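Let's take a walk through this protein together. Have the sequence and the 3D view open while you read.

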Amino acid sequence: MRSDYGCSSFTHCWYPPLDLPVIPSAAIPGAAAQNSGDDVDQRIHLLDLDVDQLRSWLVEQGQQGFRAKQIWNWIYQRRAATFAEMTDLPKKLREQLEQHFVIFRASEVDAVCSSDGTDKLLVRLFDGGEVECVLLRDGIRRSICVSSQVGCAMGCVFCASGLDGVDRNLTRGEILEQMLRLQSRLHPDERLSHIVMMGMGEPLANLDRVLPALDEARSPEGLGISPRRITISTVGLPPAIDRLSKHGVPYNLAVSLHAPNNELRTQLVPVNKRIGIKAVLDAADRYFEANGRRLTFEYVLLGGLNDSDDCAHQLLGILRRRNVMLNVIPYNPVAGLPYVTPSSKAIADFKDILVSGGVNVMFRQRKGSEIDAACGQLRRNRQSV
Ligand code: SAH
């Protein structure tokens with residue numbers, strides 16, 4: 001983990017800094033692209049704009065404003081990746097759009113598909129940063145798991161995403177581009193049904209871009225996915241959880257707990273040292289009060305570390321009086337890390353204690369494990385070849 005992003009260098013704050021750099025798009029008025037060498041495409045990333053911003057641009061160019069919705073429909077519903085496909089637009093306008101904007105600004109450097117219907121993409125951003133995103137097919141569900149940052153600053157010891165720290169926040173457009181790239185892998189009759197912000201990075205450390213991207217994802221003119229089918233997963237940053245509560249859109253909140261006491265949680269999730277479980281639970285409770293959405297707690301089960309009967313009983317003490325779903329995820333091994341997946345018996349025993357204590361427990365299937373689908377693993381494994 002890179003120490004320059006850790007809390008240690010920010011003595012005045014008790015939670016990780018939320019102001020990481022983002023590479024601004026030329027689309028944002030007054031913002032010039034950083035890192036803009038001669039080889040970088042200077043066109044505006046259209047996905048950084050909302051439909052009103054595109055409408056203003058069109059009107060400035062002497063075009064009709066209604067074209068904005070037409071273009072949005074092509075991109076978000078009809079899955080167009082180029083302006084050339086937008087055949088009901090005048091040819092001159094298509095050429096003008098092509099000169100000023102790019103729809104997909106990144107490139108796919110790897111795509112791996114697993115026999116259980118999981119596709120994982122490794123996407124290279126215009127500045128060389130790489131992030132992962134995943135499409136999961138499960139019955140009629142078509143869920144996507146999307147990244148919010150290049151790397152991660154949270155330093156969870158078992159997670160591949162944060163092993164090299166964090167480089168930067170993703171832009172609105174880069175978050176949406178992952179969604180559109182995954183959507184384009186579906187059969188034309190299939191629709192995306194669920195979004196989870198559970199890829200690389202800490203979404204609550206990049207809310208300024210995650211929330212606008214999700215606004216587009218839930219907008220009827222965008223992807224049209226109900227916020228009730230969108231989950232934001234967080235390590236648990238109380239001020240940002242409170243901001244999300246005030247935002248007032250009923251997204252599902254998943255809190256990565258991973259341990260039932262401060263000593264163990266700080267060992268597994270180092271940012272816990274400055275925050276503490278109580279502050280995380282209180283903020284989660286406030287989110288539930290504000291939105292009425294049942295909370296999810298995530299618990300990665302690590303053999304011999306947090307899978308004991310004692311841990312299960314302590315966890316029961318925390319969760320039994322709360323209206324929550326506990327999502328237990330058997331550890332997905334990361335090459336080079338010393339952690340192990342618990343035995344089937346240890347997993348079953350852990351589950352029994354919680355279920356018999358009245359907690360709603362879901363044991364996440366390891367979909368996509370054959371293609372390194374846990375966060376950050378594909379990127380990591382490619383770096384080491
Ligand atoms: N930063 C956010 C979202 C990204 S991680 C968060 O902490 O919630 C999404 C989930 O995957 C988290 O619960 C994380 O702890 C879990 N995870 C990370 N690496 C894993 C691994 N190797 N095996 C199983 N789960 C993992």
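Let's start with a word we'll need a lot: buried means under 20% relative accessible area, exposed means over 50%, and partly exposed is in between (1.4 Å probe, protein chains only). Helices (H or I, at least four residues) and strands (E, at least two) are DSSP runs, numbered from the N terminus.

This is a predicted model, so local features need pLDDT of at least 70 and side-chain atom pairs count only at pLDDT 80 or more, while totals for chains, interfaces and linings use all residues. Residues are numbered from 1 along each chain as its sequence is written, and side-chain values use heavy atoms, with hydrogens and water left out.

## A helix on the inside

Leu182 and Lys120 are 62 residues apart in sequence, yet their C-alpha atoms are 8.7 Å apart in space.

## Around the ligand

Now to the ligand. A residue is near a molecule or strand if one of its heavy atoms lies within 4 Å of it. By that rule 20 residues surround the ligand, and the closest are Glu202, Ser233, Ser256, His258 and Asn332.

What classes of residue make up this shell? Ala, Val, Leu, Ile, Met, Phe, Trp, Tyr, Cys and Pro count as nonpolar, Asp, Glu, Lys and Arg as charged, and the others, Gly among them, as polar. The shell has 10 nonpolar, eight polar and two charged residues.

Next come some polar contacts. A polar contact is a pair of N or O atoms within 3.5 Å; within protein, one must be able to donate a hydrogen and the other to accept it, and residues adjacent in sequence count only if both atoms are side-chain atoms.

| Protein side | Ligand atom | Distance |
|---|---|---|
| Gly201, backbone N or O | nitrogen | 3.0 Å |
| Glu202, side-chain N or O | nitrogen | 3.0 Å |
| Ser233, side-chain N or O | oxygen | 2.6 Å |

The protein covers 96% of the 530 Å² of accessible area that the ligand has on its own. Accessible areas come from the Shrake-Rupley method with a 1.4 Å probe; for residues, only the protein chains shown count as cover. The elements that give two or more residues to the shell are β10 (230-234) and β12 (295-301).

Strand β12 also holds Glu298, which counts as buried at 4% relative accessibility. The side chain of Glu298 makes a polar contact of 3.3 Å with that of Ser256, and Ser256 is one of the closest residues to the ligand.

Most residues other than glycine have a negative phi. What is phi of His258 near? The value is near 65°, which is positive. His258 sits in the loop between β11 (252-256) and α7 (262-268), and at 5% relative accessibility it is buried.

Arg79 also has a positive phi, near 60°. Look for Arg79 in the loop between α2 (67-77) and α3 (91-100); its relative accessible area is 17%, so it counts as buried.

Ser114 is in the loop between β3 (107-113) and β4 (118-124). It is buried, with a relative accessible area of 8%, and its side chain has a polar contact of 2.5 Å with that of Asp116.

Strand β4 includes Arg124. Is Arg124 buried or partly exposed? Its relative accessibility is 33%, so Arg124 counts as partly exposed.

How many disulfides are there? A disulfide is a pair of cysteine sulfur atoms within 2.5 Å, and by this rule the count is zero. For Cys156, the nearest cysteine sulfur is that of Cys159, 6.1 Å away. Cys156 is buried at 15% relative accessibility, and Cys159 is buried with a relative accessible area of 15%.
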